Amino acid sequence: MRIGIVLGTRPEIIKLAPVLAEIEARSLDRFLIHTNQHYDWEMDAQFFEEMELPAPDLNLHVGSGRHGEQTGKMLAPIEAAIEDQGLTHVIVQGDTNSGLAGALAGAKLLRRVAHVEAGLRSYDMRMPEELNRRLIDHISSDLFPPTPTAHAVLTGESVPGLVHEPSGNTVVDAVLRYAPGSRVPIEERDPTILMTLHRPENVDHEAILRGIVEAVGEVAAAHDLDVVFPAHPRTRERLERFGISLPPRIEFAPLKSFRELLALQARARLVMTDSGGLQEESCVLGSPCVVLRTHTDRPETIEVGASRLAGVEREGIVAAAEEMLAVEDLGWEQPFGDGSASRAIVDALLAPTAEPAAVSG
Ligand code: UD1
């Protein structure tokens with residue numbers, strides 16, 4: 001057994017870090033492939049340093065590009081590495097182009113492909129991630145849904161691989177390590193809103209981006225809150241290109257390390273975001289969240305009362321923010337597990353009973 005792990009973006013580094021730690025703790029034979037889809041220090045190396053990850057065994061230096069181009073550039077070297085290194089397993093996470101390339105290369109070579117965070121759906125096909133995650137789910141041999149909802153999606157779609165019992169989300173493993181301690185009560189919180197935006201379906205459209213920023217500014221002014229905005233490079237570029245200036249209460253902040261971002265989330269009055277990861281993290285940390293999207297792939301956070309789906313128009317955003325700022329009981333039960341997801345995933349991959357051949361149709 002020789003386990004390949006393929007990652008390339010900030011969320012994959014964060015969510016696979018506990019899986020890697022589990023693999024290291026058991027001294028399993030592994031080979032870490034980094035596509036370098038994310039490459040700026042703030043998006044990449046800082047997380048390797050902070051989370052004390054081993055250096056990649058292979059870095060593909062693929063960088064940015066159009067979707068097909070980026071995914072294509074990853075595919076050939078990952079395929080070669082799987083063969084040359086004799087990898088028996090390929091672990092991928094989530095829904096990025098790096099994850100798709102890793103899963104596709106592994107599945108074509110009939111290796112055991114494990115998909116961490118399987119079964120999420122937004123049913124919004126404008127999202128490149130929706131296509132990626134559906135494809136990954138249908139070609140993986142081991143699927144690890146984080147929640148019962150995701151498990152039901154996979155069985156409902158009759159995916160050919162082995163659907164494991166809900167493992168919890170590995171983000172909880174990471175959050176508990178980097179933000180231990182109890183939830184901060186409302187009265188002790190900072191007078192801040194934490195905002196992040198990066199989804200192309202939001203930031204690539206001038207009217208949507210302008211509308212979101214103005215609505216968040218309005219909420220901040222009405223409640224005397226300051227907005228901390230660690231902006232993704234794509235978002236900064238679009239704001240400049242469209243000539244959108246930030247309203248007075250919103251200030252750019254540098255991109256944060258994982259620990260810093262968790263601390264900001266834990267102490268903010270409100271999180272406003274289009275990120276799936278932040279939606280999960282804020283739910284775990286007990287911080288109310290407004291989801292700046294028209295669909296969400298994390299419905300569990302809404303069901304427990306931790307977040308509201310706002311859409312991307314002013315009225316919806318302001319109404320959702322008002323509702324979430326009025327929430328007094330931050331004691332919801334978070335639905336993403338108890339921090340043992342990585343252990344369960346590695347256990348399942350090692351279990352002799354779960355040894356399916358490559359996926360067959
Ligand atoms: C990718 C993932 C998305 C994930 C997100 C986290 C896909 C399809 N999307 O989206 O699922 O939620 O990462 O951030 O894989 N850029 C830099 N420096 C970097 C990386 C990117 O400046 O280190 C800029 C480039 O202009 C690039 C743009 O950001 O073109 C977008 O990067 P890309 O990796 O294509 O997609 P993300 O939006 O980051």
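This is a predicted model: local features need pLDDT of at least 70, side-chain atom pairs count only at pLDDT 80 or more; totals for chains, interfaces and linings use all residues.
1. Start at V171. Leaving aside its neighbours within four places in sequence, this residue is in contact with K15, E280 and E281. V171 sits in helix 7. Its relative accessible area is 0%, so V171 counts as buried.

2. Next, the domains. The domain assignment of the protein chain gives two entries: domain 1 (3–168 + 340–350) and domain 2 (186–325). Taken over C-alpha atoms, the centres of domain 1 and domain 2 are separated by 27 Å. The contact takes 24 residues from domain 1 and 20 residues from domain 2.

3. Now the largest pocket. How much space lies in it? About 1,200 Å³. The pocket is lined by 49 residues. Closest to its centre are P11, H38, M43, H198 and H232.

4. Helix 1 gives the most, with five residues. Both domains take part: the lining draws at least three residues from each of domain 1 and domain 2.

5. The largest cavity is a separate item. The structure holds one cavity of 30 Å³ or more. About 30 Å³ of space lies in the largest cavity. Its lining consists of V116, E117, F144, P145, P146, S167, G168, N169, T170 and I345. By class, that lining has five nonpolar, four polar and one charged residues.

6. I345 leads on to helix 15. This residue lines the largest cavity, and I345 is also one of the buried residues of helix 15 (residues 341–350). The buried residues of this helix are A341, S342, I345, V346, A348 and L349. Where do they point? Seen down the axis of helix 15, the buried residues fall within an arc of 160°, so they line one face of the helix.

7. What does that buried set pack against? The partners are helix 1, strand 4 (89–93), strand 5 (112–116), strand 6 (142–144) and helix 7 (170–178). Two of these names have come up already. Helix 1 gives five residues to the lining of the largest pocket, and helix 7 holds V171.

8. Two backbone angles deserve a check. Most residues other than glycine have a negative phi. L110 has a positive phi of about 60°, although it is not a glycine. L110 is placed in the loop between helix 4 (97–108) and strand 5. Is L110 buried or exposed? It is exposed, with a relative accessible area of 59%.

9. Y123 is the other case. Its phi is near 60°, a positive value in a residue other than glycine. Y123 lies in the loop between strand 5 and helix 5. At 53% relative accessibility, Y123 counts as exposed; the cut-off for that class is over 50%.

10. E237 is found in helix 10. At 33% relative accessibility, E237 counts as partly exposed. The C-alpha atoms of E237 and V203 are separated by 9.5 Å, and the two residues are 34 residues apart along the chain.

11. E323 lies in helix 14 (residues 314–325). With 41% relative accessibility, E323 also counts as partly exposed. E323 and I186 are 137 residues apart in sequence and 15 Å apart in space, C-alpha to C-alpha.

Note on methods
Residues are numbered from 1 along each chain as its sequence is written. Side-chain values use heavy atoms; hydrogens and water are left out. On a 1 Å grid over the protein atoms alone, a cavity is a set of points where a 1.4 Å probe fits but cannot get out, and a pocket is an open set with protein on both sides within 12 Å along at least five of seven lines; lining residues have an atom within 4 Å of a point. Grid points are joined across faces, edges and corners, and a volume is the space filled by probe spheres set on the points. Helices (H or I, at least four residues) and strands (E, at least two) are DSSP runs, numbered from the N terminus. Domain bounds come from an automatic or database domain assignment. Buried means under 20% relative accessible area, exposed over 50%, partly exposed in between (1.4 Å probe, protein chains only). The arc is that of the directions from the helix axis to the C-beta atoms. Contact means heavy atoms within 4.5 Å. Ala, Val, Leu, Ile, Met, Phe, Trp, Tyr, Cys and Pro count as nonpolar, Asp, Glu, Lys and Arg as charged, and the others, Gly among them, as polar.
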